[in-house]
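Dear colleague,

I am passing the structure on to you below, together with notes on what was found in it. Please read the notes with the sequence and the model side by side.

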Amino acid sequence: MRCALPGMSTQTEKFTYDDGTVRKFVFATAFWGVVATLVGLWLAVMLVAPSMNFGLAQLSFGRLRPLHTNAAIFAFAGNGIFAAIYYSSQRLLKARMFSDALSKFHFWGWQAIIVAAALTLPFGITQSKEYAELEWPIDLAIAVVWVAFAVNFFATIAKRRERHIYVAIWFYVATVITVAILHIFNNLSLPVTLFKSYSVYGGVQDAFMQWWYGHNAVAFFLTTPFLGLMYYFLPKAANRPVFSYRLSILHFWSLVFIYIWAGPHHLHYTALPEWASTLGMLFSVMLWMPSWGGMINGLMTLRGAWNRVSEDPVLKFFVVGITFYGMATFEGPLLSIKSVNALSHYTDWTIAHVHSGALGWNGFMTFGMLYYLAPRIFQTKLWSKKLAELHFWVGTIGILLYIVAIYAAGVTQGLMWRAFDSTGRLAYPDFVETVVRILPMYWVRVLGGTLFVVGVVLAFINILMTWRNRPATYREASDEALPLTAYDGPATALSIPKHSTISDTGHAVIYFVQAKWHRVWERQPLKFSIWVAVAVIIASLLEVVPTFLIKSNIPTIAAVTPYTPLELAGRDIYIAEGCYNCHSQMIRPIRSETERYGEYSKPGEFVYDHPFQWGSRRIGPDLQRIGGKYPVLWHVRHMQDPRSTTPQSIMPAYEWLFKDDLDYPGIQARVDAMAMLGVPYGQAVLHAESMARAQAAQISSEVQAQGGPAGLEQKKIVALVAYLQRLGTDIKKLPPPAPAPEPRALTGSSQPAIPSNVSAAKASPEGF
Amino acid sequence: MKLSDVVSALNVSVFAQVPLLVFFGIFIGVVLHLLQGKSQFEHARQLPLDASNSDAERDQ
């Protein structure tokens with residue numbers, strides 16, 4: 001029993017811990033871990049054997065990849081951090097969770113969200129923003145469940161019996177607050193139907209918001225809660241206090257202040273303004289310092305306990321996990337440097353980087369925690385320590401095989417894309433050459449991924465068997481502690497007397513320099529949380545405000561007009577099929593790119609793109625200037641059987657687009673929604689369906705005239721072809737003529753006109 | 001005058017300089033706090049290990 005500190009009663013209180021919720025989250029973590037990695041393995045197989053979707057739309061790469069990423073992040077890692085938070089917070093705060101009902105709501109609500117994701121993403125119901133693909137009803141559900149979790153968490157802090165808030169809790173506080181901010185603002189969208197919405201942001205601004213969110217999802221969902229996990233479970237497993245508490249404070253505040261700025265490094269050399277890109281790079285490089293502060297603090301905590309690492313699988317997982325954290329956070333700033341990013345971006349290098357972090361850091365820290373928790377929450381010995389050891393080695397070898405192969409694939413891609421021959425032409429002008437070259441490495445990835453999945457299955461079996469050996473009834477975990485009373489400890493005001501020769505300002509400066517304010521915050525979680533929120537919001541606003549308000553950021557282009565109703569429907573099919581998972585729509589101003597794809601992308605070309613479709617990797621070539629490059633029949637053949645036009649292509653066939661009817665009646669609502677977002681649709685707002693049918697009939701007859709199949713005008717493929725043929729063509733056109741009273745007639749199969757009066761009215765005289 | 005006019009009139013380098021100043025200000029503040037002495041952090045450092053007897057008994 002602890003002695004009474006100032007401000008404490010001398011009578012201890014007995015209380016119990018809610019480990020039932022922890023048990024549920026532990027099971028969910030192990031189960032979703034198997035699902036997430038199995039889907040990932042399936043995707044890896046499809047990259048070398050594209051027919052492995054068996055012709056089913058729901059199993060195609062573009063639709064399943066978001067399911068894999070969402071399952072890995074929000075189902076596996078998400079349940080893992082909730083298990084960590086529920087277990088460690090109660091013990092660090094010396095209090096049972098505030099509300100068992102809220103804990104249950106949180107658990108079952110989160111699982112329902114995961115199931116909803118699994119039921120919608122394979123059916124093409126997606127917002128297409130990476131790691132934020134879930135449609136608006138699910139986004140609302142996430143917000144509600146997260147708020148319930150936040151209320152439960154903060155109310156537990158409020159009723160704590162430990163005055164000091166340990167550093168792990170700080171990291172959890174940063175997670176709870178920042179994830180809520182990120183989720184709400186990135187997912188602001190206008191619903192069209194129950195399963196379809198358009199982002200309220202367009203083009204450059206949408207890209208900025210998405211990667212502000214995307215990068216900070218890594219920061220505040222996959223980093224800060226795992227650091228909190230590390231700061232609790234590593235000292236417990238090693239039976240050593242954390243190496244340096246001061247270092248933990250330093251790297252906490254540095255992380256919170258720096259991470260939030262770094263998002264724009266995902267958009268180097270794109271149409272994002274240069275100043276934002278440079279700012280993102282600068283803060284990304286600064287991230288080295290706090291990240292390595294955390295890694296060093298973690299590894300040094302094991303001083304004096306290294307001899308136990310060889311015997312204890314929990315410590316083994318933690319050591320390798322923290323090491324991967326160090327490697328990934330060294331590599332991240334490296335990749336944010338523009339000249340490095342010019343090579344690495346869009347290549348598999350990024351995929352290797354992500355997986356070294358996700359499998360090594362998040363995965364192994366989670367597994368270490370699961371093996372630590374299993375005997376404690378199931379109140380029996382771990383079923384098999386040898387199986388845990390086997391998992392460790394199989395998993396480690398699996399990760400190494402995976403990332404080494406994919407690093408090699410990424411660097412190979414990057415170098416081949418930019419290679420020129422002695423005559424100054426692209427050395428590998430055919431994109432598929434670069435794909436074929438890395439297929440052997442993709443096979444090695446399948447092998448490494450298989451090993452990792454085997455390890456996850458072993459963990460699931462071990463957890464399950466440990467649970468089966470549980471006692472008939474659990475002993476309720478209990479503890480006792482002194483209750484908190486009003487603080488009457490040492491004053492935090494200045495110890496120096498107020499002297500007439502020192503002004504009030506002088507006193508304020510001395511107060512700041514003595515930094516006793518921080519000790520006050522550490523006892524006042526509300527104030528502490530508010531300052532974390534302020535840090536995040538200020539940082540965000542300093543990037544968001546200029547991105548949205550500096551007029552020169554996005555110069556409009558007079559020739560750029562909204563998509564026709566049919567093209568808009570085709571764009572929605574492009575989104576639903578997840579084409580952005582393999583194709584970018586962003587040509588960087590780099591010679592190798594302009595040689596290969598054409599004129600570099602301009603910010604003004606994307607002003608009507610809700611959401612943006614720039615993509616983040618190139619398993620296939622960029623599509624920004626694909627419009628008009630091939631006849632319509634080429635696209636029809638290519639979508640029906642990619643190998644018929646590109647023999648070595650690894651793209652799946654999209655046969656269902658030739659069977660499924662296009663929802664013509666639904667097009668009007670989509671156009672209306674875009675118009676509400678400010679897209680100048682003019683007459684299309686009144687006649688969207690008839691305009692779409694007219695354009696579809698023209699394209700269909702053109703396909704037939706070129707020797708293709710007849711009767712495509714009712715099918716989805718015709719809309720997708722219309723969209724693809726439009727891509728990147730606007731800047732090749734002359735600016736539209738002066739306003740005309742009537743909408744122009746369709747001028748061609750692939751370029752029907754939008755009422756020119758509207759677009760011209762929006763066009764800027766400073767246009768392209 | 002709109003906010004966009006004000007923001008557009010500013011030199012874009014301001015938007016990089018302000019965050020740097022904000023960060024370094026906070027960084028210096030935290031460092032000063034940490035220099036206050038080691039002893040005050042000792043209690044916090046031990047918190048994860050401060051398990052009750054009942055908790056310790058369950059440790060396998």
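Helices (H or I, at least four residues) and strands (E, at least two) are DSSP runs, numbered from the N terminus. With that in mind, Tyr269(A) is found in the loop between helix H8 (245-259) and helix H9 (274-286) of chain A. This is a predicted model, in which local features need pLDDT of at least 70 and side-chain atom pairs count only at pLDDT 80 or more, while totals for chains, interfaces and linings use all residues. Residues are numbered from 1 along each chain as its sequence is written, and chains are lettered from A and ligands numbered from 1 in the order in which they are written.

Some backbone details come first. Phi of Tyr269(A) is near 65°, a positive value in a residue other than glycine, and Tyr269(A) counts as partly exposed because it has 19 C-beta neighbours inside 10 Å; here a residue is buried if 20 or more other C-beta atoms, placed from the backbone, lie within 10 Å of its own, exposed if 12 or fewer, and partly exposed in between. Ser128(A), also not a glycine, has a positive phi near 70°, and its place is in the loop between helix H3 (100-120) and helix H4 (136-158) of chain A. Ser128(A) is buried, with 24 other C-beta atoms within 10 Å. The peptide bond from His610(A) to Pro611(A) is cis, with omega near -5°, and Pro611(A) lies in the loop between helix H21 (591-597) and helix H22 (632-640) of chain A.

Helix H25 (residues 684-705) of chain A has a kink of about 40° centred on Ser690(A), where the bend is the angle between axes fitted to the seven residues ending at a residue and the seven starting there. Buried residues of H25(A) include Met691(A), Ile699(A) and Val703(A), and the buried residues of this helix pack against helix H20 (565-576), H22, helix H24 (667-676) and helix H26 (716-726) of chain A. Just after H25(A), Gly707(A) takes a positive phi of about 100°.

As for the domains, whose bounds come from an automatic or database assignment, chain A is given domain 1 (13-418 + 431-468) and domain 2 (565-762). The contact takes 42 residues from domain 1 of chain A and 44 residues from domain 2 of chain A, two residues being in contact if their C-beta atoms, placed from the backbone, lie within 7 Å.
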